[in-house]
Amino acid sequence: MFSKIMVPVDLAHAASLDRALTCAAGLAGQYGAEIVYVGVTAQTPGSVAHTPAEYKSKLADFAAGQSGQHGITATSHMVESHDPAVDMDKALLKAVADTGADLVVMQSHKPGLSDYIFEGHGPYLSQHAKASVMLVRD
Amino acid sequence: MADETVNQGIPAPEGASDIIETDYEIGQDNIETRIGPFRLDIHNPVFVVSAVMVVLFVGLALIAPEWSRDTFLAIRNYVKSQFDWFFLMSANLFVVFALILIVTPWGSVRLGGSEARPDYSYPAWFAMLFAAGMGIGLMFFGVLEPVYYFGTPWGDQPLGGELGIVDGVVADAAQVEAARQMAMAATIFHWGLHPWAIYAIVALALALFSYNKGLPLTLRSAFYPLLGERVWGFWGNAIDTIAAFATLFGLATSLGFGATQVASGLTEVFGSGSAEDGTRNFMGFLWGNADASNDSSVLLVLIIAFITAIALISVVRGLDGGVKVLSEINMGLAALLLVFVFIAGPSIAILGDFFGGLAAYAREIVPLSNPVGREDTGFLHGWTTFYWAWWISWSPFVGMFIARVSRGRTVREFVVCVLLIPSLVCVFWMATFGGTAISQVIAGATDSGVFQNVIAAYKPEISLFAMLGELPLASITSVLAVVLVIIFFVTSSDSGSLVIDTITAGGKVDAPVSQRIFWCIFEGAVAAVLLLGAAGTAGLDSLQAMVISTGLFFTAVLLVMCFAIFRGLMTERREMK
């Protein structure tokens, strides 16, 4: 049903993504799909990495860790962004196309007042991506 | 194999040329929380202290307007007159240092490491650094400054020939030519190499320590070579707080004064009524009357709200979708106006001002930048030191912004494009706008609009429109000029909000969008509150004086940055040809 599952991850808050990660791994096992973990980083130093190159290697380590933990095939895909606070939606949308994923599994918060002002990344992707999108509530 | 660095007689990098090893994790001092529906990710204590300081100073300017104006103006004048030598010598050092970087092997160090490549094209990059750097000043001073120097004796001792307008007739041709050249030389001096070198130093220090050394994108990072790990503590907090504070007040007071220029432009172009009767107005809001006491501050607040609203849209759309797009529109329109004035104005005389101005600049740069034994203290303190303090107090903002968009450039490319090319563009701008206006003064003498609004009466906000008024298609170009002034303010306001947000988030560029919205509205609100207060523009005056006084502090900061750049480049890999 699905052959490639994209899982957007925020490495700064990886610990809080547990439900989405477990869910994605379960689906990957069920359908024999490959998972690609997608991370978006700024080019300036941040809390996760000092340079995009360092971020890339941390993201690859993360994918390898998930692969070992869940027994799945996993790769990683980094997107550099000039202004990640704003361009996250477009960066993720582009990543769906670039990775050729047919399902996106991502963590999403419960809708609240702020969603009327700033639309969440999950709802944006589900509206605009060609792939199926599954939002896992935290 | 002998490596290139040996061939060039420069020792190989000492120590690690990669990121600086520090236990400090970016964002470790940050507070991540929620206020209502809004997420926050702010540096403790930089965010809170700078916001509270802004509120306190605004309160002070409102409660005790006379006292605060007198005090801050006194501080500013003291700084300008007592530290003139410090400003001038430091600025000279920055120019020399930047020029040296171009010709030494350090010029081939690439910002972001040897693998990095620039993301922005030259036009986009150039548009952004120019719009943030001095766009608005060019609109305000392009006519004013050359004409003022041309037509008035400067300060105590005129440096060049005085323009002796006697009974409406301009003095002899040789004297006029000398005055014209000196006017261009002095203007170019204030808008050429020195300001851009100041910006280049800050931007280069920040870019180097952020992209190559892995430290957060805030002012304090450039102090790492000097302070080491202490930079994360009190001193670093103090530097960042003062930078955020100076940037916010610099933007807010400029916005306040800019609103008066926009109001004057709008009334000039679209207004009705008579200034003598006190009925001159723009859409019912009184403005531009002989007795200015009834002029509408509501109009100013509406203009500020309008500019802030557009800036808000821009910051929410982000760096690529908002700031870059607006900067490009801005530069396109500015180029249009420049080409129009060049063609419609006296093109040959403008070319003469460009080349003659450059030659006079080359001849006069040493006497003008020498602080010792000057007799023209009025010019020295009133213009040069004022400008140096102003550029320098503005430099944390502009430098941070330039750094943000310059990854992937080599140091040489960076300095050429941030120092030499903008300087040349400024010279051409000043030659076109100033040269046209000077030609109008010579042709029309006391009847020319420029003479009446710059020399006979000092109305700086009208000067540009007076010059355009004597060219063809004035009704179209004046509208274009008003639009340009507005967009230049928007591009300062939106890039400034991004910069303050980054500083107050401890160097994180991915802090929640609501924070930059806060800073953008805060800037507009500070400007509006100051204008609506009983003191009117006196409140703006006093706080702008205070901002300019911070130039003294930041001059010392910039000197440290030169040292930091030197240390930083010593330990970088130079690119192999």
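Which residue with a positive phi follows α17(B)? That residue is B:Gly506, whose phi is near 65°.

## Model and conventions

This is a predicted model, in which local features need pLDDT of at least 70 and side-chain atom pairs count only at pLDDT 80 or more, while totals for chains, interfaces and linings use all residues. Residues are numbered from 1 along each chain as its sequence is written, and chains are lettered from A and ligands numbered from 1 in the order in which they are written. Helices (H or I, at least four residues) and strands (E, at least two) are DSSP runs, numbered from the N terminus.

## Confidence

The model has an ipTM of 0.90 and a pTM of 0.91. For chain B the average pLDDT (the predictor's confidence in each residue, from 0 to 100) is 87, and 93% of the residues score at least 70.

Contacts are counted where C-beta atoms, placed from the backbone, lie within 7 Å.

## Interface with chain A

In chain B, 26 residues are in contact with 18 residues of chain A. Helix α11 (residues 297-344) of chain B supplies the largest share of the chain B side, five residues.

By class, that side has twelve nonpolar residues (Ala, Val, Leu, Ile, Met, Phe, Trp, Tyr, Cys and Pro), seven charged (Asp, Glu, Lys and Arg) and seven polar (the others, Gly among them).

In chain B, strands β1 (residues 30-35) and β2 (residues 38-43) pair (at least two DSSP bridges) in the antiparallel sense, over six bridges. B:Ile35 has B:Phe38 of β2(B) as its bridge partner. Two residues lie between the strands of this hairpin, in which B:Gly36 takes a positive phi near 60°.

Helix α17 (residues 474-504) of chain B comprises 31 residues and reaches 44 Å from first to last C-alpha, close to the expected 45 Å, which is 1.5 Å times one less than the number of residues. The helix is mostly covered, with 25 of its 31 residues buried (20 or more other C-beta atoms within 10 Å, against 12 or fewer for exposed and partly exposed in between; C-beta atoms placed from the backbone).

B:Tyr458 occupies the loop between α15 (449-456) and α16 (460-469) of chain B. B:Tyr458 counts as exposed because it has 12 C-beta neighbours inside 10 Å. Its C-alpha atom is separated by 9.0 Å from that of B:Tyr148, 310 residues apart along the chain.

Key
Contact = placed C-beta atoms within 7 Å.
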